[in-house]
Amino acid sequence: MSWWNDFYINFDPVAFELFGIKVHWYGIMYVLALLVALGVAKFIVKRDNMQISNSLLDNYFFWVEIGVILGARLGYIVIYDPNTAYYLTHPWQIFNPFHNGEFVGIRGMSYHGAVVGFLIATWAFCRKFKQNLWQLLDLVALSIPLGYFFGRIGNFLNQELFGRITDVSWAINVAGQMRHPSQIYEAILEGLAVFAILFVYRKFKKFDGELIALYAILYTFARFVCEFFREPDFGIGFVFLNLSMGQILSFLMFACGIFLYIILNKKYTKF
């Protein structure tokens, strides 16, 4: 086998230790994802001469990050975690980063839960600071994908959310089984490809809210495809018609994206 096939065997998910606390590559990638998303947003604001200040963006991203973390964690517990009842009766354990006295970080995040938390935080922010909701969401649609790329790379380095068993030459050895590096597929399709399309299309944007609607459509289509190469969630398996929970949720989000685009486009064509 090549070094790539045996990548996990020779790779340590812990980057370094700091005062006895293990810092994982996943955490580093997560922080990098946030910084990249904020950097892209500021770059586009400056490049496209948008009337949004850096201080406003910094404040907004702080609000959003709180919403994303809460939504992602709660979403995972409600949808995917086999110990849902335990966490609901012991809510103080939801964000406990220690297990048996060892710092392990907060594991288990749901993308679709993060979307709900993000939308609530954005709505609350725009209401408090009187901002254009759809303009801000369009900016987010451009900044999220590149950050998401690093998030999926973090999943790969953390040896989680791995793919289905396969015999392709680029498969990764996971506990003795050759599997698709589905996290890489997702990083490329859901991250880089979606960003490239939206970044080019932004110059042809017709109305506020168009980019976030297109993001929902493009992302969920890419996610739906990638799920065919990703192992279904443990404890859930295939939900309906051999589709995973991720595909079911993506289909619903895709439908919401289509509906949103139609509604906003109708409002635009009236003027």
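Where is N49 found? I looked, and N49 is in the loop between α2 and α3 (54–79). I took helices (H or I, at least four residues) and strands (E, at least two) as DSSP runs, numbered from the N terminus.

A note on the model before I go on. I am working with a predicted model, where local features need pLDDT of at least 70, side-chain atom pairs count only at pLDDT 80 or more, and totals for chains, interfaces and linings use all residues. Residues are numbered from 1 along each chain as its sequence is written, and side-chain values use heavy atoms, with hydrogens and water left out.

Entry 1: N49 counts as exposed, because its relative accessibility is 61%. (Buried is under 20% relative accessible area, exposed over 50%, partly exposed in between, with a 1.4 Å probe and protein chains only.) L161, also not a glycine, has a positive phi of about 55°. I found L161 in the loop between α6 and β5 (172–174), and at 29% relative accessibility it is partly exposed.

Entry 2: UniProt, in an unreviewed entry, lists R152 under "binding site". Its positions follow the numbering used here, feature names are shortened, and annotations may be inferred rather than shown by experiment. R152 sits in helix α6 (residues 133–157) and is buried, at 7% relative accessible area. Beyond its neighbours within four places in sequence, R152 has contacts (heavy atoms within 4.5 Å) that include L161, E186, E190 and R230.

**Entry 3: α6 with α8.** I checked the axes next, which are lines fitted to C-alpha atoms, for helices over the stretch in contact; angles run from 0 to 180 degrees between N-to-C directions. Those of α6 and helix α8 (residues 210–226) come within 7 Å and cross at roughly 30°. That makes the pair roughly parallel. (Under 35 degrees is roughly parallel, over 145 roughly antiparallel, 65 to 115 roughly perpendicular, and the rest oblique.) R152 turns up again here, among the α6 residues that meet α8, whose own side includes Y219 and R223.

**Entry 4: α2 with α6.** How do helix α2 (residues 25–47) and α6 pack? Their axes are 8 Å apart, at an angle of about 165°, so the two are roughly antiparallel. By class, their contact has 17 nonpolar, five polar and no charged residues. (Ala, Val, Leu, Ile, Met, Phe, Trp, Tyr, Cys and Pro count as nonpolar, Asp, Glu, Lys and Arg as charged, and the others, Gly among them, as polar.)
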